[in-house]
Amino acid sequence: MSTTNSNIQKEAIQHGLSSYPCAVYDNVLHPDYRTIPLHWHPELEINLVTSGHAELILNFHSYTAQTGDIILVNKEEVHGFFQQGKQPFTSTSIVFHPDFLDSRLTDDIAMDYLAPIKNHTLLLPSFLKKECPEDAVYQAVYEKLCRIFDCNHKKNRGYQLLTRALLLEILYDLIPLSTAQKTPLISRRSESIKKVLDFIEQNSTRQIRAEEAAKISGYSKYHFIRIFKEATGQDFSQYINQIRLEHAVTLLKDTSLPVTEVALSAGFSDAAYFSRKFRETYHTTPSAFRKRFK
């Protein structure tokens, strides 16, 4: 993943405050809201899956995330979740900037660990599976994550101190499993797909042809279609429809536009096709979906 200052698919959310650049979230996906779209941010993120299972796209690789798994997202890695099955997928995550751990001193800790994490020459492991509960690293990280989530929900005096201390302990646990690189990992494919994802996000309400996206990616149409599915886990047309359906869900909830206008505003040129795709994804009609929120 590149460490450039590109804004491609960058999440536009500030996590925490400038005085406490760290935030804890409880995440829920269910049949009405099946995805956390692909995105990236300059912060690190640690997720603990608390129920259900989902397809995880992380750095353009597909994984199955299920109850108990611990997922680590390095700086600027593209990631997203797609809920699977009928059971809701829930997780608790902590998102924090590397500077949160920095003492502002040019010491061994900053030079040997924190700076390499920031410049992407030291990559933390992506997955700690619950399937190996005897794994000492998994148990150590799991227990510390639970303490972090608990103290950030309670917010007792000094919880910021405890959060930083526990994150540093987690970093200590993960260092033996981390991968060092002499230079930041820059993938042409990753950069190309990020450009396409940003293009889709900005143009999803109009017709987008695969040839057009392939030109932006720098690949031939044949190779683009193949690498796009490998990177996102979805066909090009499926991904665009998913982005449009998420936009439609917001319009159904927050506006009183007729369903036909919702379809057109979300980028569907045919209301009947929109309704069919909506039923396939959410197992109900757009009108019935709206009534549940009214």
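Trainee: Before we get going, what counts as partly exposed here, as against buried or exposed?
Mentor: Buried means under 20% relative accessible area and exposed means over 50%, with partly exposed in between. Keep in mind that this is a predicted model.

Trainee: Got it. So where does E169 fall, buried, exposed or in between?
Mentor: E169 has a relative accessible area of 38%, so that residue is partly exposed.

Trainee: And which side chain does E169 meet in a salt bridge?
Mentor: That's K144, with an N to O distance of 3.6 Å. E169 lies in helix α3 (residues 159-174) and K144 in helix α2 (residues 136-154), so the pair ties together parts that are 25 residues apart in sequence.

Trainee: Is K144 buried or exposed?
Mentor: K144 counts as buried, because its relative accessibility is 15%.

Trainee: Which residues make up the network around that pair?
Mentor: Salt bridges link K144, E169 and D173 into a network.

Trainee: Switching topic, how many salt bridges does the structure hold?
Mentor: There are 10 salt bridges. One of them joins the side chains of E280 and K277, at 3.4 Å from N to O.

Trainee: Where do E280 and K277 sit?
Mentor: Both are in helix α9 (residues 271-282), three residues apart, which is about one turn of the helix. E280 is partly exposed at 46% relative accessible area, and K277 is partly exposed at 22%.

Trainee: Last one: what does R209 pair with?
Mentor: The side chain of R209 meets that of E211 in a salt bridge, 3.6 Å from N to O. R209 is partly exposed, with a relative accessible area of 49%, and E211 is partly exposed at 36%.

Notes:
Residues numbered from 1 in each chain as written. Predicted model: local features only at pLDDT ≥ 70, side-chain atom pairs only at ≥ 80, totals over all residues. Heavy atoms only, no water. Salt bridge = Lys/Arg side-chain N within 4 Å of Asp/Glu carboxyl O. Helix = DSSP H or I, 4+ residues; strand = E, 2+ residues; numbered from the N terminus. Buried < 20%, exposed > 50% of the residue type's maximum accessible area, 1.4 Å probe, protein only.
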